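Here are a few friendly notes on how the side chains pack in this one. Have the viewer open as you read.

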Amino acid sequence: MLEKLEEIGKRIDASFDNHDITELEKCKNELLEYNFHELTPDDKAVYYYYLGNVWSDINTLKNSQDNTWLYEKPEFNNAIINYRNMLKINNITSPLVKQIMVHNLTNLGNTFNHAGRTIGAIDYWVKALHIVPYFGMAIGNLGKGLKTYASLLYEKSHQYIISQKAYALLKQCINSNSIYPESKNYFISEINELISIFRVENLENIKKQDIFSMGETEKEIEYKQWVMNNSLFLNPLNDVFKESFVCHDILGLPDHTVSIKENPAPIYIGFFNQIKQEFISLRYFFYQSTLIENENHFSDKGNHLFNTLDYTEYGIKTEYLKVSYRMAYSIFDKIAYFLNEYLELNLNARDVSFKKIWFVKQENKYFINPKIEEFKNFPLRGLFFLSKDFHEKGDFQESIEPEAKELANIRNHIEHKYIKLHNEFWDGKTQHTGNITLDSRIDDWACNLYEKDFSQKALKIIKLCREAIIYFIIAPVESEHFLS
């Protein structure tokens, strides 16, 4: 089967080179006709990769002249969905497929960067380089992505440091044998643009950063090391470096002006402070969950609970996990509320959510809010695309994140019902009998997950939360509130 998929892959490449949308559509339809359930894990991975490629190529040829800033195109969305689906395939054994995974991660990073989600793109490119450290296209695109990221920052020293890293990567890339000639010319143009801004001597004069204290106690140092290694500081430098000089939450709102007559109190600053503090606190709650053993924590001593016979874990450890998840998820709607007021989008406060904030309703249909479109702000575009990772009941169920519905369901259970986090001895069955129909009658309030799996999902939401906060901070929208 791999050979047949490879043949389709070659046809996709040739069709794109020939600007043949008709043939690309034919390749796409052939892939969609496959009996997916009969494919091996290796086949499924390659299948998703080529399906992502064909959607991406169709999008490029079909929408290349479309200047719509938020770029709400089904072809683009489908490319992201399929590239992501490849990442979910387990038990890949073929060395060829593992190599294709590097291309998949690189392509996914490219689509994310185009969508304004440069932080997410950096993560994918870095993952590709962890597999093949000298893959030229991942190196070059990471350099290009860092150049873009630096240009969005208002802190000049951060711009300079990240631009130096971008320059070094781009130079490394053009000396690689694994990039296409046309790509090499593109990356050279990116290098020349950096030189025109900073000059060669400044880009190459990389000074070693000072070593800063990471804390006064061993516990504080260990915590900050964990935050740094997971790129969770509210500091753009932490997306690029894992050194002590990034270990502080330096990022804050850029300079802005507010009419005293309209806003006598520092509403925006106060609200932002709360968002930032909530993130820093939930980050620590999650970290605490990685340290605690349920049976040993003193706060749970003397707590007598009934045994539900399904290996459910109870204790402050699991509650730290749940609290961090719930707090992180809630910050997205807080950002939406801020944007609704700040950008004067005029949505009713009861209707504001991270999914809805971008749209207006006309004749029972939703359209991108013209005010949002007018800003043409890249980080705002990133926030918009990040919102597409979420699922919301009603008119906003569609998502480009395969796990979106499950993540929303978990949040709903934490808020309104409850979740059971099971240890490794649980057999994966629903509750008491293993019969889903019967068990739904016994306990239809619970959402069941392995504790380890929930921890991974919580960290995923926390990382998305950080990404959203940074885009939110660095989106200096051209309005009366910001200094020019």
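1. Tyr268 and Tyr342 are both buried (under 20% relative accessible area with a 1.4 Å probe, protein chains only; exposed is over 50% and partly exposed lies in between). This is a predicted model, where local features need pLDDT of at least 70 and side-chain atom pairs count only at pLDDT 80 or more, while totals for chains, interfaces and linings use all residues. Residues are numbered from 1 along each chain as its sequence is written, and side-chain values use heavy atoms, without hydrogens or water.

2. The structure holds 40 aromatic pairs (Phe, Tyr or six-membered Trp rings with centres within 6.5 Å; planes under 30 degrees apart are stacked, over 60 edge-to-face, the rest tilted). The ring centres of Tyr268 and Tyr342 are 5.1 Å apart with planes at 85°, so this pair is edge-to-face. Tyr268 belongs to helix α12 (residues 267-289) and Tyr342 to helix α13 (residues 316-342), so the pair ties together parts 74 residues apart in sequence. Helices here are DSSP runs of H or I, at least four residues, numbered from the N terminus.

3. Phe338 and Phe472 also form an edge-to-face pair, at 4.8 Å centre to centre and 85° between planes. Phe338 sits in helix α13 and Phe472 in helix α18, 134 residues apart. Both Phe338 and Phe472 are buried.

4. Which residues have the most contacts inside the largest nonpolar core? They are Leu31 and Trp358, in a core of 141 residues (buried Ala, Val, Leu, Ile, Met, Phe, Trp, Tyr and Cys joined through side-chain atoms within 4.5 Å).

Key. Helix = DSSP H or I, 4+ residues; strand = E, 2+ residues; numbered from the N terminus.
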